[in-house]
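Subject: Structure for you to look at

Dear colleague,

Please find below the structure that I promised to hand over. Once you have it open, read on for what was found in it.

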Amino acid sequence: MSAYALFAALLSAAGLPIYIHAPKFYVDEYGVSLAALGAVLFGLRLLDVVQDPLLGKLAEKLRHRRGVAVGIGAGVMATAMIGLFAIAPPVRPILWFGAMLIMVFSAFSFLTICFYAQGVAKADGLGATGHLALARWRETGALLGVCVASVTPVALGAVMGAPFAGFAVGFAVLAGLSVFAMRGEWHSTGVAASTGFGPVLADPIARKLLLIALVNAAPVAVSSTLFLFYVEIALEAPGWEGALLLLFFLSAAGAAPLWGRLAERFGPKPVLLCAMVLGIFAFGGAVLLGPGDVPLFALVCVASGAVLGADLTLLPAMFAARLAKISPSAAEGFGLWAFVSKFTLAFAAVALLPALERAGLQSGGQANPPDAVRLLVMFYAAVPCVLKLAAIALLATVRDSEQE
C-alpha cells in the first residue's frame, strides 16, 4: 500500500500548503490585497458547488479508463502549479492567481475523488478493518506530503533565489513518480457500478458525517490560512515558519498510525472524540502567546499536530466505511466530501482576510496596529476552538450503530 501513501502525499501537497503559501506569496511578490485574494478563493469554492459533484460523476464514467484519466489530471495539476509559482503572471496577478488555482483545484478534486473511490474497493479486500488499515497508510502519506510541501519553499529560500519555483518543479517530479507508482491500481475490478448521489444524500448517517466533516475542517482551515501571518506578526518570529510547520505536520504524521490502531481496538468514534477534546486544550494556549514565545508555540504545534492526525485519519475512514454499504462505487460520495473539505478553506479566506485588512494588518515586516494583531490572534487561536466544540457536539450525536 506504499503507492497509496505516495499518491496521498501528492494530493496533500496540492491542498493545504497552497492555502498556506499562495496568498502570502502573491501579497509579498505582487502586492495583491488580502481582500482580493479572499474573494478569489471563495469564488473558486462557489465553482466547486457545481464542479465537485460533476467531477464525481465524471470519475465514475471513466472508471474503466481511470489510469489514463488520472495521468492527465496529474499533468494538468503539475502544469498549473508551475504556472502559479514559477512563471511571472502575463496578465494581472490576481487574474493569473485565479486561473492557475482553477486548474490546480479542479485536477485536485478529480484526482482525490478517483483516489478515495478506488480506496473503497481496495479496502473491501483487506478484511474487517480494511478501511482503517488503508487510512493509516493513506493519511500518513498525506501528512508527510503536507510536511514536505509546507516547509520546502522556506528551506529552498536559504539556498536559491526562487524557492517557490523550485517547489513547483519538485511538485511536478512528485506527480510523475506518484502516477507511475499507482499505475497498477486503477482497475475497475471490484469497483461497483454507479449508484449516483441519491443513496448518499438520502442516507441520514452519510449526511451527518458530511456535516461533521464540514464543521470539523473549519478549525484547520482557519489556522492554516492564518499560520504564516500569526508567526510573522503575532509572535514576531519571521524565519521560524518553516521549522514550526515541519514540527506541526511531522507530529501529525507520527501520531496518525497510533490513532488508527486505537480506533481498530476501541472504535473510531470514541477515539476521535477524545482527540478532538484534546485538540481544544492543545491549541487554545496559542491565544495567550505573544512576541518571542516561539518555544511555547512549538509545544502547541507538537500537541495540536498530534491531534490533527486523528482528524485526518479517522473521519474519512468512517465515511468510506459507510459508503461501502450505501454507495459502493464511492465516486459521487467523495465528490461531495471533496466539496465540503475545500469549502471551509475558502470560507475562512473570504471571512477572515478582508476583516484583517480592514483592521490594518500588513505583512512584510511593517508595523501593525495593536487591535489588528489582537484580532489576528483571536481569529487564529480562539475561533478554531469554538468551531471544534461544534464538531464535537455533532459527532457525539452519532450512535455507535451508525459508525460504519
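Helix H9 (residues 204–234) is largely enclosed by the rest of the structure, because 26 of its 31 residues are buried, where buried means under 20% relative accessible area with a 1.4 Å probe and protein chains only. Helices here are DSSP runs of H or I with at least four residues, numbered from the N terminus. The end C-alpha atoms of H9 are 42 Å apart, which agrees with the 45 Å that its 31 residues should span at 1.5 Å a residue; that expected span is 1.5 Å times one less than the number of residues. H9 also bends by about 50° at leucine 226, the bend being the angle between axes fitted to the seven residues ending there and the seven starting there. Just after H9, glutamate 236 takes a positive phi of about 50°.

Please keep in mind that this is a predicted model, in which local features need pLDDT of at least 70 and side-chain atom pairs count only at pLDDT 80 or more, while totals for chains, interfaces and linings use all residues. Residues are numbered from 1 along each chain as its sequence is written, and side-chain values use heavy atoms, with hydrogens and water left out. The protein chain averages a pLDDT (the predictor's confidence in each residue, from 0 to 100) of 82, and 88% of the residues score at least 70. Confidence is lowest in helix H13 (residues 331–358), at a mean of 72, and highest in helix H4 (residues 66–85), at 93.

The structure holds 3 cavities of 30 Å³ or more, a cavity being a set of points, on a 1 Å grid over the protein atoms alone, where a 1.4 Å probe fits but cannot get out, and lining residues having an atom within 4 Å of a point. A volume is the space filled by probe spheres set on the points, which are joined across faces, edges and corners. The second largest cavity has a volume of about 310 Å³, and of the 23 residues that line this cavity, the closest to its centre are Val220, Ser223, Phe248, Phe283 and Ser304. H9 is one of the helices that each supply at least two residues of this lining, although helix H12 (294–326) gives the most, with 7 residues.

Best wishes

Terms used:
Buried means under 20% relative accessible area, exposed over 50%, partly exposed in between (1.4 Å probe, protein chains only). On a 1 Å grid over the protein atoms alone, a cavity is a set of points where a 1.4 Å probe fits but cannot get out, and a pocket is an open set with protein on both sides within 12 Å along at least five of seven lines; lining residues have an atom within 4 Å of a point.
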